[in-house]
There are 2 protein chains.
Amino acid sequence: MCQLLGMNANTPTDVVFSFTGFATRAEEHKDGFGIAFFEGAGVRCFVDNASARQSPIAEMVKRYPIRSDNVIAHIRKATQGRVALENTHPFQRELWGRYWVFAHNGDLKDFHPKLHAAFRPVGDTDSERAFCWLMQELAKNHAGTPDIGALTETLREIAAPIARHGSFNFMLSNGQALWAHASTRLHYLVRRHPFSEARLQDEDLTVNFAEHTTPNDRVAVVVTEPLTTHEDWIALAPGELLAFVDGEPLR
Amino acid sequence: MCQLLGMNANTPTDVVFSFTGFATRAEEHKDGFGIAFFEGAGVRCFVDNASARQSPIAEMVKRYPIRSDNVIAHIRKATQGRVALENTHPFQRELWGRYWVFAHNGDLKDFHPKLHAAFRPVGDTDSERAFCWLMQELAKNHAGTPDIGALTETLREIAAPIARHGSFNFMLSNGQALWAHASTRLHYLVRRHPFSEARLQDEDLTVNFAEHTTPNDRVAVVVTEPLTTHEDWIALAPGELLAFVDGEPLR
C-alpha cells in the first residue's frame, strides 16, 4: 500500500513541514515518490523511483519552500506495475486547457476499462488506468470546464464504479480545487486562525504556525494517516468524496 | 530569445557537464528554465520560473546525475506570454500512450491555429500553441505510433507552415527519438569512441569523456550555440529537421 498527502490553501503555502513528516514514512514505501505543486494553472511535478528518504529530489523539496495553492504527494510501495518512472505517481494530463494531477492509494482488481479516447496510460498500473478513465468520462460529461460543484457531482458518479474493483483512495487536482476520495483510509484537517503549534508524529519537529501565517490564511491538509499529534484529524467515510476549495471542504 | 539544449544517447547518460555550461548562459535568459529527462517511457520534467543561475532546482539537477536516453532543456527570456510557471518550457502532453516533451526558441507572429481536438494550451505562449497544433496534426495523420522515419516525415510537413510565422527552432521527444528543427540557430555534435577531453566555453570546467564512457557509447548533443571549444559542432540548415536515435542523426 502507498500513502497520500494533499494540501489546498486559500493563499500560496509551503508544505515543507507536512512533507517532512510524510517522507519519514517512506521506509516502508520505498518504490518511488512524487509530489506535484500547482501555482495557478501551472504545475511542477517531481517524481523519483528512489525512496523519498534517500532521493536528492525529496531533499530539495524539503529545503525549497515552494508556495502552492494545491499539492498532491505520494509515496509508493509497488503492488501492481513494475518499479519504473512511468509508474510513479502523481500522473499528469491536460483537459480543457488545464493540467490535472492524480495519485492513488489502493489496489484495483480486474479493472481494464475501455480507453478509446484521448487519454491512454503510459505505464502499466491500475492507478494510471483509473486516472485515464476518470479523465475520459469527465470529458464525455462536460464540453468545457464546469464549476467545482458540477465537477464534484460528476466525479462522485464516476468514482463509484471504479471503487467496486477494490480500494480507491485518491487525490485529484486541476489547480482550482483538491478532490479527495476515500475508500479505506484518508484523514483531513483545516488549519485556520487562531493558529497553534503542531508536532510531527514521525519526526522530532515542531512548528508554531502562528509565526508563519496571517489571520486570513486557511489550509486544508489531507493524508492517509494523521501527521501530527495535538490536532484533530477527521476521517473520511468509505465512499466519501470531498472537494477542497480555498482551504476548506466545499459543502 | 531563449536557448535550447537536447541530448540523445544510445545508453543512459547524465547531462551534468552540458547542463552546467548551458545554465551559465541563464544570466541573459532569466525568466525561467526547464529540463525534461526521459528514462524509457517515463519522464521527469523540472521547471522553475526563477533563473537557472539561482534556482535550487537547477542546482539539484547539476548535482544529481540523472541518467537519461533523451533530454530537452530550455532557458527562457520571455518574448510572448507572462513570466509564469504555465509558460515555462518544456511542455508535456500524452499521445498514443507516450509522453511527448517540447521546447521552442523563437518567435511566432500571428500564429493562432484552430485547436479543436484533445490538445489545448494551458498558458498563453506562441510556443505551447505550436506544440498543441503539432500534437493535434500528428494524431490526425497516424492512428497509432508510427515508426521514427514516418513520424519524421510527418513532422517535416507540419513544421514548415508554422515556421512561416517567424523563427521556429524546436526540440521534441517521445523518449524514442529526439527531433530538432532549426529555423535560425541550432548546432549538434556526436560524441563517440575514441572519446576525448572537452572544455566548456562559458565555465572553467573540463571533462575527459574517455574516463566516463565505454567504447560503445554514443551521444548526440544539440544546442543553440556550441557549448565547448575543441569540438566540431555542425550547424543545422534553416528549415532542417533531424531525428536523433541511439546517439546519432537518422539518415
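This is a predicted model: local features need pLDDT of at least 70, side-chain atom pairs count only at pLDDT 80 or more; totals for chains, interfaces and linings use all residues.
Biologist: To start with Trp96(A), is this residue buried or exposed?

Modeller: Residues are numbered from 1 along each chain as its sequence is written, with chains lettered from A and ligands numbered from 1 in the order in which they are written. Buried means under 20% relative accessible area, exposed means over 50%, and partly exposed lies in between, using a 1.4 Å probe and protein chains only. Trp96(A) has a relative accessible area of 14%, so this residue is buried.

Biologist: Where is Trp96(A) found?

Modeller: Strands are DSSP runs of E with at least two residues, helices are runs of H or I with at least four, and both are numbered from the N terminus. Trp96(A) is not a glycine, yet its phi is positive, near 55°. Its place in chain A is the loop between S5 and S6.

Biologist: And what is the relative accessible area of Asp246(A)?

Modeller: Asp246(A) lies in the loop between S15 and S16 of chain A. Its phi is near 50°, again a positive value in a residue other than glycine. Asp246(A) is partly exposed, with a relative accessible area of 43%.

Biologist: Which strands are the edge strands of the open sheet of six strands in chain A?

Modeller: Two strands pair if DSSP finds at least two bridges between them. Here the order is S5-S6-S7-S8-S15-S16 in chain A, with antiparallel pairing. Each edge strand pairs on one side only, and these strands are S5 (91-95) and S16 (248-249) of chain A.

Biologist: At about what angle to S5(A) does helix H3 of chain A run?

Modeller: Angles run from 0 to 180 degrees between N-to-C directions, and axes are lines fitted to C-alpha atoms, for helices over the stretch in contact. Helix H3 spans residues 126-141 of chain A and lies across S5, S6 (98-105) and S7 (169-173) of that chain. Relative to S5(A), the helix runs at about 15°.

Biologist: What is the radius of gyration of chain A?

Modeller: Chain A has four helices and 16 strands. The radius of gyration is taken over C-alpha atoms, and the globule rule is 2.2 Å times the number of residues to the power 0.38. For 251 residues that rule gives 18 Å, and chain A comes close to it, so it is as compact as a globular protein of that length, with a radius of gyration of 17 Å.

Biologist: What percentage of the residues of chain A count as buried?

Modeller: Along the principal axes, the C-alpha atoms of chain A fill a box of roughly 50 × 35 × 30 Å. Of its 251 residues, the buried part is 62%.

Biologist: Moving to chain B, how far apart are the axes of helices H1 and H2?

Modeller: Two packed helices are described by the angle between their axes and the distance between the axes. H1(B) (residues 16-24) and H2(B) (residues 56-63) pack at an angle of about 145°. The distance between their axes is 8 Å.

Biologist: How many residues of H1(B) are buried?

Modeller: Among the buried residues of H1(B) are Phe17(B), Phe19(B) and Phe22(B). The helix is largely enclosed by the rest of the structure, because the buried share of its nine residues is eight.

Biologist: In S6(B), what is the bridge partner of Arg93(B)?

Modeller: S6(B) covers residues 98-105, and eight of its eight residues are buried. Five bridges join it to S5(B) (residues 91-95), and the two run antiparallel. They form a hairpin with two residues between them, where Trp96(B) in the turn has a positive phi of about 55°. The partner of Arg93(B) is Trp100(B).

Biologist: And in S7(B), which residue is the bridge partner of Phe102(B)?

Modeller: S7(B) (residues 169-173) pairs with S6(B) over five bridges in the antiparallel sense. The partner of Phe102(B) is Leu172(B).

Biologist: Which residue does a cis peptide bond join to His193(A)?

Modeller: The omega of this bond is about -10°.

Conventions: Side-chain values use heavy atoms; hydrogens and water are left out. Contact means heavy atoms within 4.5 Å.
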